[in-house]
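Open the model in your viewer and keep the selection tool at hand. The stops below say what to select next and what is there.

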Amino acid sequence: MVAVVNARPPRFADALVALREVFGYGSFRGFQAEVVAHVAAGSDAVVLMPTGGGKSLCYQLPALLREGTGVVVSPLIALMQDQVDALAQVGLKTAFLNSSQSWERQQEVEREFLLGELDLLYLAPERLITGGAKELLQQGHVSLFAIDEAHCVSQWGHDFRPDYLGLAVLAELWPNVPRIALTATATAATHAEIRQQLRLEGARDFVASFDRPNICYRIEPRQAGASQLVDFIRREHPGRAGIVYALSRARTEKYAETLSQHGIPALPYHAGLDAATRRETQARFLREDGLVIVATIAFGMGIDKPDVRFVAHVDLPKSVEGYYQETGRAGRDGEPATAWMAYGLSDVMQQRGLIESSAGSLERKRLVTRQLDAMLALCETVGCRRVDLLGYFGESATPCGNCDTCLAPPQVSDGTRAAQMLLSTIVRLERERGQHFGAGQVIDILRGHSTEKTRSWRHESLTTWGLGQDFNEAAWRAVVRQLLARGELAVGPHSTLTVTGLSWEVMRGDREVPLRAEVLRRAAAASVSGRRSPTPAGAAGAVQDLPAELDDTASALFEQLRVWRGATAKAASLPAYVVFHDSTLRAIAVVRPRTRAELSGIPGIGAAKLDRYGDQIIALLESCGVPESDG
Ligand code: ADP
Ligand code: ZN
């Protein structure tokens, strides 16, 4: 152990100066400035901000303003190296301690910490609870504790990590060190649990709007499985990075294979793959420009890749919380991105069936049923998706103009008669056949479609046989989904359909049923023309004044800058975006700075990056010989 113990002195006296010098950003976003001042002054904070909102600066800057080392608790040890590498690029000295390191390296990091050489130290929660890290930290000087992904403390949430419960001890051992908990999960229940479990009762809350204006939300009925996804990617984001979520390992493999066959580079990612393969896949996703990962939910938390252009769900997510967090991984850089989903009736039936047959407590079943119902309601809404989503998190909004239902409002027609036909078929089956049937047979009956099953049950003799021939099978499936979404129909044992109290109101004519007419592919055409640019408070930050579309010269330059960035990143074994974000390259391409001073005015270029890359960029711009812009 080292005898000398030092506290790292404050690196900056002023937050705005630090923001400009280190990160190259001209101004704070949202309430970042307030959080930074609050924590730098030694007070506790709970920060709820959507993914991409800019949470990291909320603890990185106070750490630079205070004496000592900022300790960041994060569950994601696989990503610590990337975080440390990225911070080294802006000139911060950081390190991590986790079980993946050699004993010698751990000793070295401990020494650096005790000598006060580190701006930030990353730790996994289990390290703090069980490992020797507590003693180490007590010997040195901690400037603040940042608890990232703080929703992991919530036992009813979707990412529970038991080790997080042990973090309450920080309050006891370091009563005078400020603690800041951060998450992108916004439900009131999770928020309350964070405050209570982490002993942050006295902390000030900072709750941002959860809107992500640059993400276009789109949900379509599944018609063609994998080829529907291929079409979407080809049409809207060819050659770009994206994440596709599927619910089973087998499906991730199948979709990854189909995408690859269609010339879209894609890899599967799930818990059944060995650790080395998963690490390699994650590393390639971060480093390569246009790779698509097809993953189970095990992928993505804490992945800071800012240029993910789309997140696609090929199965119905289990909850709106999970869906929102996953889609939030798109477009963290504030540039237009898409959250796309295709789902079908079978998803609903299957998931309801799974809940029904699961072994959990009644309370648990009710909770997951409620979560699934909210997800289904979002899928089937005829209103703005964003209004629905934000409403779920307790936020009110007006129709957004950047979701499928806003861009091409679904036609709503009176579906009461169709609903009555369907429901009375179910009731008749129950009475005359003594049991419930699945959606397939009910729809066959309505359409008068004779199959082996309908013949063996003699369904032809039912009075509703063939009454619904005006609708094709897909339309009937849509009717079933929408009735399920509104609770006017329920799923019984073995994925059968059964009626509810509301069903009777519909059958009696006491309740109208507006149905959305499925307009196929409507969103595709609309989203090209109707993209909403991010709001001033949105994630576009300082580059919001630049044109969204580059002219020909600028876009040629942008492509050249991307090539330079690719080579530079590769040589340094870094992800491309760690060198510069797309938005920074775009700004360079438009402004075409000729001196280091001009270059330093570009958002995303701080002192360290100016030193490292400034001359290369200026040389590249000169060699391109483009005429100076006259704007
Ligand atoms: P979160 O952790 O909330 O998902 P990050 O901290 O990763 O978000 O920030 C998202 C992106 O926004 C990052 O690329 C970050 O560099 C950028 N960013 C954060 N704050 C600002 C700011 N004040 N001005 C410009 N860009 C910012
Ligand atoms: Zn909308």
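Start by colouring the domains: domain 1 (15-207), domain 2 (215-343 + 381-407), domain 3 (412-516) and domain 4 (552-624). These bounds come from an automatic or database domain assignment. The C-alpha centres of domain 3 and domain 4 lie 60 Å apart.

This is a predicted model, in which local features need pLDDT of at least 70 and side-chain atom pairs count only at pLDDT 80 or more, while totals for chains, interfaces and linings use all residues. Residues are numbered from 1 along each chain as its sequence is written, chains are lettered from A and ligands numbered from 1 in the order in which they are written, and side-chain values use heavy atoms, with hydrogens and water left out.

**Stop 1: the zinc ion**

Select the zinc ion (ligand 2). Which residues coordinate the zinc ion (ligand 2)? They are Cys384, Cys400, Cys403 and Cys406, each through SG, at 2.3 to 2.4 Å. Donors here are N, O and S atoms within 2.8 Å of the metal (3.2 Å for Na, K and Ca); water is not among the atoms, so sites may look incomplete. The angles among the four donor atoms run from 102 to 119°, and the site is tetrahedral. Four donors count as tetrahedral if all angles lie between 85 and 135 degrees. Ideal angles for four tetrahedral donors are 109.5 degrees.

Along the sequence, the donor residues of the zinc ion (ligand 2) follow the spacing C-x15-C-x2-C-x2-C. Cys384 sits in the loop between helix 15 (362-380) and helix 16 (385-392), and Cys400 in the loop between helix 16 and helix 17 (404-407), so this pair ties together parts that are 16 residues apart in sequence. Helices (H or I, at least four residues) and strands (E, at least two) are DSSP runs, numbered from the N terminus. Cys384 is buried at a relative accessible area of 9%, and Cys400 is buried at 5%. Buried means under 20% relative accessible area, exposed over 50%, and partly exposed in between (1.4 Å probe, protein chains only).

**Stop 2: the nonpolar cores**

Next, select Leu137, Leu198, Tyr323, Leu422, Leu484 and Leu489, the residues with the most contacts inside the largest nonpolar core, which has 107 residues. A nonpolar core is a set of buried Ala, Val, Leu, Ile, Met, Phe, Trp, Tyr and Cys residues joined through side-chain atoms within 4.5 Å. Helix 18 (residues 416-433) gives the largest share of this core, eight residues.

Centre the view on Leu489. Leaving aside neighbours within four places in sequence, the contacts of Leu489 include Leu422, Ile426, Val480, Leu484 and Leu497. Contact means heavy atoms within 4.5 Å. A second, separate core has 35 residues, among them Val22, Ala45, Tyr59 and Val84.

**Stop 3: strand 4**

Select strand 4 (residues 120-123). Leu120 and Tyr122 point one way, Leu121 and Leu123 point the other way, and all are buried. In a regular strand the side chains alternate between the two faces of the sheet.

Two strands pair if DSSP finds at least two bridges between them. Val71 stands opposite Leu121. Strand 3 (residues 94-97) is also parallel to strand 4, again with four bridges, and Phe96 has Tyr122 as its bridge partner.

**Stop 4**

Select Leu182 in strand 6 (residues 179-183). Is Leu182 buried or exposed? Leu182 counts as buried, at 0% relative accessibility. Beyond four places in sequence, its contacts include Val47, Tyr59, Ile147 and Glu149.

Move to Glu149, in the loop between strand 5 (142-147) and helix 8 (169-173). Glu149 is not a glycine, yet its phi is positive, near 50°. Glu149 is buried, at 12% relative accessibility.

**Stop 5: helix 26**

Finish with helix 26 (residues 582-591), where nine of the ten residues are buried. Among the buried ones are Leu585, Ala587, Ile588 and Val590. The cover over the buried residues includes helix 24 (552-571), helix 27 (596-600) and helix 28 (607-624). Arg592 follows helix 26 and has a positive phi, near 50°.

Note on methods: Tetrahedral: all angles 85-135°; square planar, octahedral: opposite > 155°, others 65-115°.
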